[in-house]
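Please take the sequence and the model together, and follow the chain from its strands to its pocket and then to its loops.

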Amino acid sequence: MAAKVFAYFVALVAVFSVAKSDPDLLQDICDADVTENDFFFSGLAKPAVVNNTVGSVVTGANVEKIPGLNTLGVSLSRIDYQPGGLNPPHTHPRATEIIFVLDGELDVGFITTANKLISKSLKKGDIFVFPKGLVHFQQNNGKEPASVIAGFNSQLPGTQSIAVTLFGSTPAVPDHVLTKAFQIGTKEVNKIKSRLAPK
């Protein structure tokens, strides 16, 4: 019995060691030659200009824009949506995401690995969490622009947009894979690819 309990404990520790966020700090900051500007970014203060077909813009505040975040295991983004704008289905392979609605109303949701949709309508001041690695989305369901601040437990959460990943990759995913996976014809695959191709 004790051996069985120990085996379960070892398995549990192994799972949690793989599933945790960025590693703990070994020092105060990553580089001793930093300045206050390495810890500062003003890019989330104002709404971004939305000028695309999906009607949303994500402004990241991660280690690529704030070098001082290196090794700290956190980052933010601001997402601005036009009325009806969509942050299309996507995943963050390295982080859980939590959003706070600054303005507007959103329909949000994620899909579990059991293929269950967990969704909610949000309004100003609401918070919603998207678990690490799960496909999720947000759409402005109001008549006015909407904005959220998103927090991540990674300095660089990564983003994979499902449609762009499958239909806009380089080299391209073979048509026969997409036609079989989505049960559509080659003509439809090429039409989708042409709309998602990099400009």
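Two strands are said to pair if DSSP finds at least two bridges between them, and helices (H or I, at least four residues) and strands (E, at least two) are DSSP runs, numbered from the N terminus. This is a predicted model, in which local features need pLDDT of at least 70 and side-chain atom pairs count only at pLDDT 80 or more, while totals for chains, interfaces and linings use all residues. Residues are numbered from 1 along each chain as its sequence is written, and side-chain values use heavy atoms, with hydrogens and water left out.

The protein has four helices and 10 strands, and from the N terminus on its elements run α-β-β-β-β-β-β-β-β-β-β-α-α-α. Of its 199 residues, 31% are buried, where buried means under 20% relative accessible area, exposed means over 50%, and partly exposed lies in between, with a 1.4 Å probe and protein chains only.

Strands of a sheet pair through backbone hydrogen bonds, either parallel or antiparallel. Elsewhere, five strands form an open sheet with antiparallel pairing, in the order β6-β5-β8-β3-β10; its edge strands, β6 (117-123) and β10 (160-161), each pair on one side only. Two bridges join β3 to β10, and threonine 91 stands opposite glutamine 160 in β10.

The largest pocket can be considered next. A pocket is defined on a 1 Å grid over the protein atoms alone, as an open set of points where a 1.4 Å probe fits, with protein on both sides within 12 Å along at least five of seven lines; lining residues have an atom within 4 Å of a point. The largest one has a volume of about 750 Å³, a volume being the space filled by probe spheres set on the points, which are joined across faces, edges and corners. Its lining comprises 29 residues, and Val54, Asn87, Pro88, Ser161 and Val164 lie nearest its centre. The elements that give two or more residues to this lining are β1 (56-61), β2 (75-81), β3 (86-91), α2 (162-167) and α4 (186-196). At least three lining residues come from each of domain 1 (36-158) and domain 2 (160-198), with domain bounds taken from an automatic or database domain assignment.

Rings of Phe, Tyr and Trp (its six-membered ring) pair if their centres lie within 6.5 Å, and planes under 30 degrees apart count as stacked, over 60 as edge-to-face and the rest as tilted. By this rule there are three aromatic pairs. Phenylalanine 167 and phenylalanine 182 form a tilted pair, 5.4 Å centre to centre with 45 degrees between the planes, which links phenylalanine 167 in helix α2 to phenylalanine 182 in helix α3 (residues 175-182), 15 residues apart. Phenylalanine 167 is buried at 8% relative accessible area, whereas phenylalanine 182 is partly exposed at 39%. Ring pairs also link Phe110, Phe128 and Phe130 into a cluster.

Some backbone details remain in the loops. A cis peptide bond, with omega about -10 degrees, joins threonine 170 and proline 171, and proline 171 is found in the loop between α2 and α3. Threonine 71, in the loop between β1 and β2, has a positive phi of about 75 degrees although it is not a glycine.
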